[in-house]
Amino acid sequence: MLINVLNGSLKKVAILSNELPNAPSYYNDEFHDYLEQGATTFSFTVAKVINNQLQDYTQFLSDQSYFSFRKNGRDYLMTPSSEQSVHETSTEISFFCVSLDRELINEQANSLANTASHNIQWYFDRMGLISRTKITIGINEVSNLTRVINYDAQESKLSRLISVINNFNAEFDFVTTLNNDGSLGTVVLNIYKENDGQNIQGVGTKRDDVRLTFGKNIEDVEVDVSDDGFFNAAYMTGADGFSWKNYDFSYKNSDGVEEFYKRKGSEIAYAPLSAKMFPSQLKTDKGDIWTNSDRTTEYKNANDMWGYIVSQFKQYAYKQITYTVTPSSTLVNQLIGDGRPLQKGDTVIIQDDNYMDIDGNVGLILSARVSEIITSDTNPANNKIVFSNYKKLKSEASSDIKAIVSQLVNDATPYFADIATSNGVQFKNGTGSTTLSAHIYKGSATTETIADSYEWSKDGTVVANVQEIIVDASGVANKAVYSFKATIAGKVVANQSVTITNVDDGTNGRSVTNVSQKWRLTTTTATPTQAWSDAGWLTTQPTTTATNKYLWSITRTTFNLAPLTQDVIEQKAVYGDKGDKGDTGNDGRAGKDGVGLRSTTVTYTISSSGTVTPTTGWTSQVPTLVKGQYLWTKTVWNYSDGTSESGYTVSYIAKDGNNGNDGIAGKDGVGITATTITYAQSTSGTTAPSSGWTSTVPTVAAGSYLWTKTVWTYTDNTSETGYSVSKFGEKGDKGDQGKIVSDTEPTTRFKGLTWKYSGTVDLTASDRTVILSGTEYYWSGTHWILSEINAHNINGDNLSVTNGTFTDGKIKSTWNSGAASGSTEIENSHINMSATNSSSKVTNSLGLDIQQGFGMRWTDPASNQSRSVSLDYGNLAFDRNGVAAGLNFDGANLSSSMPIQAPNTIVKSTQFSVSGIGIRLDRMMSFVAVTFSGRASSTINNSPTIINVLPDGFRPISPYSIDYMVPGNTANNGYIYFNPDGSIRIMATINSGYYIRGTRFYITNDVYPS
């Protein structure tokens, strides 16, 4: 796995890898993927010191670092965050990271007072849970649901996010996408309906293709049972004392057995199957087998109360079971079932015959869901999968994630320390004083918390145990670090430090005025001791010989202040003795055997790295040099056979200080004004030609050498020259046979050998590769690899391949798999696929056309059953045995009377009054409920018409008369016309003081009110 190291701006600055050569590696890694929190954690360690030398990459590893990588097809951005997110020693540094934004973990969400029902997006926006992050909402399966939620206190944004999602009976998953350079692209929060163990999966996939078996791919199955919160009977009360006594409800399980019920005339709901399995044993009344729990809810109708208690029974009326499965060492990342590894949230079947139930039945077969996956690249023996039993429809996280989230929440409200000063933190010329005051604050509170005790230290030595101290300049020599620790209940909860400096007015600094260099040759390895003025030091660089083997340089740096000069002597080169004749060498970097050099291109770029080759920014002109960075030069040699090779040189651009030695392609302190490249041929590969140099590549005879001369001209009117040479190869020996055609495996193999197997029966080769008849393979050095032909254009009339044809633009293939067979056709703008089971005769077909849309059909002639679905630009149609349903822009055409939304759901309400009589309108799908209240404040007569009192969304299809009642005055009852134009007309006299009562309905086809 390749880990990108990002800085605080989320830009890649380094990489870690255990596969790439020369890259820093990591160890002691452990990756946790948790279902319940939609999050992951990753811990790992990197060595700082190798072969007793501190490594340069250590500068990029700190508490400000981020890490990104791709694992099992998913991207992750990890943030160091925990009680000990970074642990560093003299030799190594360790990180503990989470895949959540620091804002989610550390920032606080405030209390929320709310009385209305809102969707989940409203709560996210109102509390700012993700508004200032890169997190966006992707899939949202509960967008149409609303809830009334309140919060009385502060908590971390992460805890609040989880709470809101749980209130909507949902679960979630964060999906990160990285850019090509490893930096953060997007973070998407997907919200799914909660897994119900039957029809709703939630996060992950129901893996019917997987069955895990003890002794095969499972090494052990551990079962933990908990009855925390257990109950099987509940006395229920609604909001404001609402009673559901006159309602009757029943819930049956998948076997048709009544699992939960509430009888009319009772306030209690029961779970009888649970009571039979786990009866209460200590009751004085032996007939009372129930474990009771009184519940008061916020619901104001019986249906909502029943839905609530059913969900609670499913969770707590049975023992909660957690399974910990120890898989084989390869199961965690193994491709199983239909060829996919297990992911968090996946539902699988687990079987273990080493269990027996209370009835003596042998074998444990259960449906379980992956709640946590633990993997390690460097310690695969630690790989582990945690499964949870979901018969109770509750995602159970492992104790690890509970502990981690608990720690994150606790860490989210730390004490913040602050030091106040009365006179700044810097003294001048040893005079003055300042008062340092220690202060701590809890979380985001603005009110100071007074600690039990304070302890001040100066440069690590305790100096006082008070909240304020006075620091005098006379006690500070140059600088001193003052720090305090605040203690509450015997625990240090916060600390802070400040550096106090004492500066004096200084003199002008010492700077470099000139740097010069000389050279000399010696016959021994002893460092020369002669002074700069000695005549043996030469102003031009001499050439080493077999006698004067050692080249030395003396560099004199001149300063403006004493001491005025500094001389440094270094060994620069050693003349090598001639060795034995070596074997024939490989191609040189700047030339290939048997081809000519067509052109050479030189480009430049600046980089902060001197080891990692830049990928962008290359230009034909030397860029502006930046001190402390590196100048890279890239030379591209283009050959006459259309190929090319690249070479790189790099030089460090020194920061202020002693000038460095000249690099190959530049001098310290000067720029390059021009680069000139010329070519010449020669029969010598060691002595550069003295003539014949041209700006174009000459023709070079086989066995001769092509010389390239590069002249760099600097801004100080000096220049330097560099040479490169390549030999044009002579005709080589006859090569190995390129291709073998035989019906047996070749015994003599070399890398690149091509073998066409001419046998008529498939053959298993020595490397266990199955060789197909009439097929070509090539030898990779270790295995036979199938040869492939890649072409941009193939011209011909017809193409026939195994199980398929390509005729006149039409592609057709046929296939067989056991009892099933089928065909696929692709022609013009449509695709047709079909499959038939030869035993059952069941047929499946699919069609896709650019203009006609999409269609699928399933037919079972044995049962005379059929199903079909079609989709085009304006319609979605279904058919089941001739019964049709559809959805289009004009609405839904359903196959039954089942509504799109529950009929008792109030979409919008409005109200108005006429002479003191209140009229309330509630919109419910295609109905409007009219409710009267109040009393007439004046007499209404003469059948008045009141216009524009019915707003859009509440007007009837046609004039609708609604009768009303006057309690105690039945003779005075009347009716009111409600009209499509928004007016109402009262068709009787209502005397002053009359009470009007009643609720009636009429039909509307208005659009839903906004």
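Author: Buried means under 20% relative accessible area, exposed means over 50%, and partly exposed lies in between, computed with a 1.4 Å probe on protein chains only. Helices (H or I, at least four residues) and strands (E, at least two) are DSSP runs, numbered from the N terminus. This is a predicted model, in which local features need pLDDT of at least 70 and side-chain atom pairs count only at pLDDT 80 or more, while totals for chains, interfaces and linings use all residues. Residues are numbered from 1 along each chain as its sequence is written, and side-chain values use heavy atoms, with hydrogens and water left out. The protein chain comes to 6 helices and 68 strands, and buried residues make up 36% of its 1010 residues.

Reader: What makes H3 largely enclosed by the rest of the structure?

Author: The count of buried residues decides it: 9 of the 11 residues of H3 are buried, so this helix is largely enclosed. The buried residues of H3 are Lys-157, Leu-158, Ser-159, Arg-160, Leu-161, Ile-162, Ser-163, Val-164 and Ile-165. Just after H3, Asn-169 takes a positive phi of about 50 degrees.

Reader: How do H2 and H3 pack, in angle and in distance between their axes?

Author: Helix H2 (residues 120–127) and helix H3 (residues 157–167) pack at about 165 degrees, and their axes are 10 Å apart. H2 is therefore roughly antiparallel to H3, for the term covers angles over 145 degrees, against under 35 for roughly parallel, 65 to 115 for roughly perpendicular and the rest for oblique. The axes are lines fitted to C-alpha atoms, for helices over the stretch in contact, and the angles run from 0 to 180 degrees between N-to-C directions. The crossing of the two helices is right-handed, a word used if the near helix is turned clockwise from the far one by less than a right angle, and left-handed if anticlockwise.

Reader: Which residues make the contact between H2 and H3?

Author: H2 contributes Ile-120, Tyr-123, Phe-124 and Met-127, and H3 contributes Lys-157, Arg-160, Leu-161, Val-164 and Ile-165. Contact here means heavy atoms within 4.5 Å. By class, the contact holds 7 nonpolar residues, no polar ones and 2 charged ones.

Reader: How many residues does the largest nonpolar core have, and which have the most contacts inside it?

Author: A nonpolar core is a set of buried Ala, Val, Leu, Ile, Met, Phe, Trp, Tyr and Cys residues joined through side-chain atoms within 4.5 Å. The largest one has 34 residues, and the most contacts inside it belong to Ile-120, Phe-124, Leu-129, Leu-161, Val-164, Phe-174 and Leu-189. Helix H1 (102–106), H2, H3, strand E14 (170–178) and strand E15 (184–193) each supply at least two of its residues, and the largest share, 5 residues, comes from H3. Phe-174 touches, beyond four places in sequence, residues including Gln-37, Arg-74, Leu-104, Leu-161 and Leu-189. Apart from this core lies another, of 24 residues, among them Phe-978, Ile-986, Ile-996 and Tyr-1002.

Reader: Is Pro-1009 buried or exposed, and how do you know?

Author: Its relative accessible area is 14%, and Pro-1009 is therefore buried. Pro-1009 sits in the segment after strand E68 (998–1003). Leaving aside neighbours within four places in sequence, Pro-1009 is in contact with Lys-908, Arg-923, Asp-952, Gly-953 and Phe-954. Pro-1009 and Phe-954 are 55 residues apart in sequence and 7.7 Å apart in space, C-alpha to C-alpha.

Reader: Why is Ser-226 called partly exposed?

Author: Its relative accessibility is 32%, so Ser-226 counts as partly exposed. Ser-226 belongs to strand E17 (residues 218–226) and touches Lys-319 and Gln-320, not counting residues up to four places away in sequence. Between Ser-226 and Thr-322 there are 96 residues of separation in sequence and 8.4 Å in space, C-alpha to C-alpha.

Reader: What makes Asn-51 exposed, and what makes Asn-717 exposed?

Author: Asn-51 has a relative accessible area of 74% and is therefore exposed. With 72% relative accessibility, Asn-717 counts as exposed. Asn-51 lies in the loop between strand E5 (49–50) and strand E6 (53–54), with a positive phi near 55 degrees. Asn-717 lies in the loop between strand E42 (705–714) and strand E43 (719–727), with a positive phi near 70 degrees.

Definitions and conventions. Ala, Val, Leu, Ile, Met, Phe, Trp, Tyr, Cys and Pro count as nonpolar, Asp, Glu, Lys and Arg as charged, and the others, Gly among them, as polar.
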